[in-house]
Amino acid sequence: MCTAGLAALFATAVGSVASAQNVASRASEPLVYRSADRTAAAQPSSTQSASAWKALLVGGNHLIDGYNNAANDIAARLRQHGVQRVAVLQSHGPAADDRVPSARRREIRQAMKSLGSGANDVCLFFITSHANSRGIYLSADRGYLSPRDLSSMIDAECGERPTVLILSGCDTGTFITSALTGDNRIILTASARGKVSYGATTTDRYVNFDRCMIKAMDAGARTWRDVFERTRLCVDERERALGVASSEPQAWFGSQVSHLALPGRL
């Protein structure tokens, strides 16, 4: 769990930083792209019917409202663009009744399965929370969703279908692994390995990466590559203005989906 972020949240007044997170000791990596994509800039975008998309959005930690806000608000935007199979899991904390759906590992797996499976599906998975080198923190589980956990879920429910994974938190570059990357996958992360992702003030609706990504979507970004580039520039601008260390958002674009369009973008 990002203890520095929690300390800032409870120890500072309105306007203070609420979710600075632990820094792992490993060195950061440069922006990640498939080598084949470096010459693919002129390729036309690939558009999938909104009805083909299925999406699961997860707010992993109940201690900062911004996590659940982002999951709910992105889900609303997807529905507005015609995506019908949308599920949201919020975190209600470890004290929540087990009968109440919450952001736990077993329920993430169940929610993915409940969205159904078809040969022409396109998968979207978004999660936002505190994170470190062990994975993304799920406060309802008092544990982490690890890259291995997520790989098992995605392999089972999405397989070789086009898949977009968005992981928002510190050190989420650790999810760009050989097990999760593939020609059919896009992975966007809020930070590089060992990097802190600046969170938010106590009055912000979202943490910084989520704010910038939603802003990019609302501004008409057509492809996920466009979303990432706009988000990265927005994140960098705010971090420089605040004088905080760069989080260095990362991305992986598989060759089959390097110019995949957002649902509803024709």
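Mentor: Helices (H or I, at least four residues) and strands (E, at least two) are DSSP runs, numbered from the N terminus. This is a predicted model, where local features need pLDDT of at least 70, side-chain atom pairs count only at pLDDT 80 or more, and totals for chains, interfaces and linings use all residues. Residues are numbered from 1 along each chain as its sequence is written, and side-chain values use heavy atoms, with hydrogens and water left out.

Trainee: Okay. In what sense do β1 and β2 pair?

Mentor: Parallel, over five bridges. Within that pair, Ala-55 sits opposite Val-86 of β2.

Trainee: And what order do the six strands of the open sheet take?

Mentor: The order is β2-β1-β3-β7-β8-β9, with mixed pairing. β2 (85-89) and β9 are at the edges with a single partner strand each, so one side of each has no neighbour in the sheet. On average, neighbouring strands are turned by 5 degrees against each other, direction ignored.

Trainee: Remind me, how do strands in a sheet hold on to each other?

Mentor: They pair through backbone hydrogen bonds, either parallel or antiparallel.

Trainee: Which strands does α2 touch on that sheet?

Mentor: α2 packs against β1, β2 and β3, and its direction makes about 165 degrees with that of β1. α5 also packs on the sheet, touching β3, β7 and β8, at about 140 degrees to β7. Contact here means heavy atoms within 4.5 Å. Axes are lines fitted to C-alpha atoms, for helices over the stretch in contact, and angles run from 0 to 180 degrees between N-to-C directions.

Trainee: How do the axes of α2 and α5 cross?

Mentor: At roughly 10 degrees, and they come within 11 Å. That makes the two helices roughly parallel; the cut-offs are under 35 degrees for roughly parallel, over 145 for roughly antiparallel, 65 to 115 for roughly perpendicular, and oblique for the rest. Ala-70, Ile-74 and Arg-77 of α2 meet Asp-210, Met-213, Ile-214, Met-217 and Asp-218 of α5.

Trainee: What are its partners?

Mentor: β7 pairs with β8 in the parallel sense over five bridges, and Thr-163 has Arg-185 of β8 as its bridge partner. On the other pairing, four bridges join β8 to β9, and those two run antiparallel. There, Leu-188 has Ala-251 of β9 as its bridge partner.

Trainee: New topic: the core. How many residues are in the largest one?

Mentor: 37, with Leu-57, Ile-166 and Trp-224 having the most contacts inside it. A nonpolar core is a set of buried Ala, Val, Leu, Ile, Met, Phe, Trp, Tyr and Cys residues joined through side-chain atoms within 4.5 Å.

Trainee: Which element gives the most to this core?

Mentor: α5, with six residues. Another core of 27 residues lies apart from it, and Leu-89, Ala-131, Leu-138 and Leu-165 are among its members.

Trainee: What about α4, which residues are buried there?

Mentor: Pro-147, Leu-150, Ser-151, Met-153, Ile-154 and Glu-157. Seen down the axis, they fall within an arc of 170 degrees, so they line one face of α4; the arc is that of the directions from the helix axis to the C-beta atoms. The face turned away carries the exposed residues Arg-148 and Ala-156. Among the elements covering the buried residues are β1, α3 (105-114) and β3.

Definitions and conventions: Buried means under 20% relative accessible area, exposed over 50%, partly exposed in between (1.4 Å probe, protein chains only). Two strands pair if DSSP finds at least two bridges between them.
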